[in-house]
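Subject: Structure handover and notes

Hi,

Here is the structure for you to look over. Please open it beside this email and follow along.

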Amino acid sequence: MEEREWAAAACSGDEQAFYQLISIHRRKLYGIAYSYLRNEADALEAIQETVCKAWIKCRRLKDPEAFIPWLIRILINCCIDELKRRKRVLPYVAETVQATGEMVSVFKMDLDSALDRLKPKYRHVLTLKYYQDMTLAEIARVLNCPEGTVKTWQHQGLKQLRRHMDVGGELYYG
């Protein structure tokens, strides 16, 4: 069965087809969630919430071919909700040391910090493009906006990212 057929079956209530689609795209979903939340447990929880919401709302989806972009959009919204919740509950989370024991490059920390300072629309495009290797057309489908707008947001986001990185990065490591 092709992905389109799985999506059509899932939208008509076939639990096995829904499971198959989620299984096929689980790595991509995890990668997106992790790139937003930067924490394995939170990423897995966001995926779980996404799958639950998608299953509940799946029958309302009018275009089964848009299933994966729709699913990714739900995931991004779940991640954004979690980030907003973090800001309300723990405003100093971004400054705490990661407790996973993972070695993190100073350059990666600077990049993450610079990405956090971008407007959300720019951050979404750059995250999906460079962390998830999605095409501009795929990003446009996920964000539900024209491809030209995505190109503009990418350009503006990269420009702002360079400006944020030049402030401390080049001078400090120079």
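Below are the notes on what was found.

**Ground rules**

This is a predicted model, so local features need pLDDT of at least 70, side-chain atom pairs count only at pLDDT 80 or more, and totals for chains, interfaces and linings use all residues. Residues are numbered from 1 along each chain as its sequence is written, and side-chain values use heavy atoms, with hydrogens and water left out.

**Overall**

The protein chain has nine helices and zero strands. Helices (H or I, at least four residues) and strands (E, at least two) are DSSP runs, numbered from the N terminus. Read along the sequence, the pattern is α-α-α-α-α-α-α-α-α. The chain has 174 residues, and 39% of them count as buried. Buried means under 20% relative accessible area, exposed means over 50%, and partly exposed is in between (1.4 Å probe, protein chains only). Now take contacts between residues at least 6 apart in sequence: 65% of them join residues at least 24 apart. Contact means heavy atoms within 4.5 Å.

**The core**

The largest nonpolar core holds 47 residues. Such a core is a set of buried Ala, Val, Leu, Ile, Met, Phe, Trp, Tyr and Cys residues joined through side-chain atoms within 4.5 Å. Phe 67, Ile 72, Leu 75 and Ile 139 touch the most other members. H5 gives the most to this core, with 10 residues. What does Ile 139 contact, leaving aside its neighbours within four places in sequence? The list is Val 125, Leu 128, Lys 129, Met 134 and Val 150.

**H1 and what follows it**

Helix H1 covers residues 3–11. Its buried residues are Trp 6, Ala 7, Ala 9, Ala 10 and Cys 11. Their cover includes helix H2 (15–24), H4 and H5. Gly 13 follows H1 and has a positive phi, near 105 degrees. The C-alpha atoms of Gly 13 and Ile 56 are separated by 9.8 Å, although the two are 43 residues apart along the chain. Ile 56 lies in helix H4 (residues 40–57). Is Ile 56 buried or exposed? Ile 56 is exposed, with a relative accessible area of 58%.

Two packed helices are described by the angle between their axes and the distance between the axes. Axes are lines fitted to C-alpha atoms, for helices over the stretch in contact, and angles run from 0 to 180 degrees between N-to-C directions.

Start with helix H5 (residues 67–89) and helix H8 (residues 136–143). Their axes come within 8 Å and cross at roughly 65 degrees. That makes H5 roughly perpendicular to H8. The cut-offs: under 35 degrees is roughly parallel, over 145 roughly antiparallel, 65 to 115 roughly perpendicular, and the rest oblique. The crossing of H5 and H8 is right-handed. A crossing is right-handed if the near helix is turned clockwise from the far one by less than a right angle, and left-handed if anticlockwise. H5 brings Pro 69, Ile 72, Arg 73 and Ile 76. H8 meets them with Arg 141, Val 142 and Leu 143. The contact residues divide into five nonpolar, no polar and two charged. Here Ala, Val, Leu, Ile, Met, Phe, Trp, Tyr, Cys and Pro count as nonpolar, Asp, Glu, Lys and Arg as charged, and the others, Gly among them, as polar.

Next come helix H3 (residues 26–37) and H7. Their axes come within 10 Å and cross at roughly 130 degrees. H3 and H7 are therefore oblique to each other. H3 passes H7 in a right-handed crossing. Ile 32, Ser 35 and Tyr 36 of H3 contact His 124, Thr 127, Leu 128 and Tyr 131 of H7. These divide into four nonpolar, three polar and no charged.

Look at Thr 127, in helix H7 (residues 120–131). Thr 127 counts as buried, at 4% relative accessibility. Leaving aside neighbours within four places in sequence, Thr 127 is in contact with Ser 35, Tyr 36 and Gln 132.

**Two positive phi values in loops**

Most residues other than glycine have a negative phi. Arg 38 is not a glycine, yet its phi is positive, about 55 degrees. Arg 38 sits in the loop between H3 and H4. At 25% relative accessibility, Arg 38 counts as partly exposed.

Asn 144 is not a glycine either, and has a positive phi of about 55 degrees. Its loop lies between H8 and helix H9 (147–173). Asn 144 counts as exposed, at 71% relative accessibility.

Best wishes
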